[in-house]
Amino acid sequence: SSENKQDDTLRVHSAYINYEEDQLLGLDVPWSLGIGRRPSTNGKLISYREDDEATSPLGHISNAEFDGGNLKFNLSHLTGIPGTSVKFAAGQGMSNAEPRFSSTPYADSSSTDTGNIIMYAINIVPYHDQHIETEFQYTHANNLIDITNGGFDQFGAFNPANYDPSLESVGSLHLASAFVALHGIGEGWSDYLDRTTLFLSGAMSKTDPDSTKTMLGSANSETGYSYWIGAQMPSLLSEKGKWGVEFNHGSQYWRSFTYGEDTAIGSKIAARGDAYELYFTEPLTSALSFQLRYTYIDYDYSGSNGFFGSQSGTPMRISDIPSGTDLAGVVVDKAQDIRAYIRYKF
């Protein structure tokens, strides 16, 4: 919740220590060890539109804060392949999700303690030089949650007597993603293309429900897919400005862990459907910058920004939800987000 701008409460975004060495047991393998509240939001690729230095997680599957540690080995000297590295990470986060808005169903509930989410991940960089960047990440998260009962029956009618917004654990989730980014197009065709970045990312999610629970409306393990393409180009107005365009698509059972994405309409990466985005970022001074961003999401299925169970996370085809029902009144078909900021970096 510290990633989303919402009130004047002071929250700890990150507080960590890194230890680095140039050799490992006499081998030319630089390595590092880090522990603390990790800088784990605005990771690779989502960092372009946020105009931030990328943190380590791949933003296609993970954009959330956690407390933990990581161990990284730089293998480029050992393998002779530029930029090769492998990193192991583990940590925990709070399952009793802090409400993002006061209107969130579970905001005023006295939820039982569902325990902490335990996450672990492996991140591999097969190749990375000044022109080509590749990366793969696998993440597993357990003890995932949903509200106990949304109160809707099979006909889309809401029954207050059945409504129970307290949280319960429902199972675990496997996530994997890989991307390739090209920094510069062509062999010196133009300065403009030399400073243009293109990227393509694919991701997969797979549920693993607890024996007595269901996830995303199913007692079986369900697999979802997502792809994401984008380009960031130099501005025509200034030397350091840039503009970008992005598109991502998610399938019926796609489920990301991207609750920290900074937007008022929920994570675009989590969309079960199509998301389009256009942004312009311009420096005003050496410390001030301005950005204008527009995001449009056309959902094919409901539950994109819900939790992981079958109450808020079930993917129902938007066109199949009976119009005029209580359920139809709370399901979002399309969403738009317009953001403008002036930011001071120090």
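This is a guided tour of the structure above, stop by stop, saying what to select and what is found there.

Before you start, note that the model is predicted, that local features need pLDDT of at least 70, that side-chain atom pairs count only at pLDDT 80 or more, and that totals for chains, interfaces and linings use all residues. Residues are numbered from 1 along each chain as its sequence is written, and side-chain values use heavy atoms, with hydrogens and water left out.

**Stop 1: strand 8 and its glutamates**

Select residues 132-149, which make up strand 8; helices (H or I, at least four residues) and strands (E, at least two) are DSSP runs, numbered from the N terminus. Glu135 lies in this strand, and it counts as buried because its relative accessibility is 4%, where buried means under 20% relative accessible area, exposed over 50%, and partly exposed in between, with a 1.4 Å probe and protein chains only.

Now show side chains: that of Glu135 makes a polar contact with the side chain of Lys44 at 2.7 Å, and another with the side chain of Asn123 at 2.8 Å. A polar contact is a pair of N or O atoms within 3.5 Å; within protein, one must be able to donate a hydrogen and the other to accept it, and residues adjacent in sequence count only if both atoms are side-chain atoms. Leaving aside neighbours within four places in sequence, Glu135 is in contact (heavy atoms within 4.5 Å) with residues including Ser56, Leu58, Ser177 and Phe179.

Next select Glu133, also in strand 8, which is buried because its relative accessible area is 7%. Its side chain makes a polar contact with the side chain of His183 at 3.0 Å. With neighbours within four places in sequence again left aside, the residues in contact with Glu133 include Lys44, Tyr48, Tyr127 and Phe179.

**Stop 2**

Strands 8 and 9 pair in the antiparallel sense over 15 bridges, two strands being paired if DSSP finds at least two bridges between them. Continue to strand 10, residues 197-209, which runs antiparallel to strand 9 and is joined to it by 13 bridges; here Ser177 stands opposite Ala203 of strand 10.

**Stop 3**

Select Arg38, Ser56, Asn70, Lys72 and Lys87, which lie nearest the centre of the second largest pocket among the 39 residues that line it. On a 1 Å grid over the protein atoms alone, a cavity is a set of points where a 1.4 Å probe fits but cannot get out, whereas a pocket is an open set with protein on both sides within 12 Å along at least five of seven lines; lining residues have an atom within 4 Å of a point.

The elements giving two or more residues to this lining include strand 1 (15-21), strand 2 (31-37), strand 7 (116-125) and strand 8. Strand 7 gives the most, with six residues.

By class, the lining has 14 nonpolar, 16 polar and nine charged residues; Ala, Val, Leu, Ile, Met, Phe, Trp, Tyr, Cys and Pro count as nonpolar, Asp, Glu, Lys and Arg as charged, and the others, Gly among them, as polar.

**Stop 4: two leucines with positive phi**

Select Leu25, in the loop between strand 1 and strand 2, where phi is near 55 degrees, a positive value in a residue other than glycine. Leu25 counts as exposed because its relative accessibility is 83%. Then move to Leu216, in the loop between strand 10 and strand 11 (223-234), which has a positive phi of about 55 degrees although it is not a glycine. Leu216 is buried, because its relative accessible area is 1%.

**Stop 5: strands 12 to 14**

Finish with strand 12 (residues 242-250) and strand 13 (residues 273-283), which pair in the antiparallel sense over eight bridges; within this pairing, Asn248 stands opposite Ala275 of strand 13. A hairpin of four residues then joins strand 13 to strand 14. Strand 14 covers residues 288-299, and its antiparallel pairing with strand 13 has eleven bridges, with Phe280 standing opposite Leu292 of strand 14.
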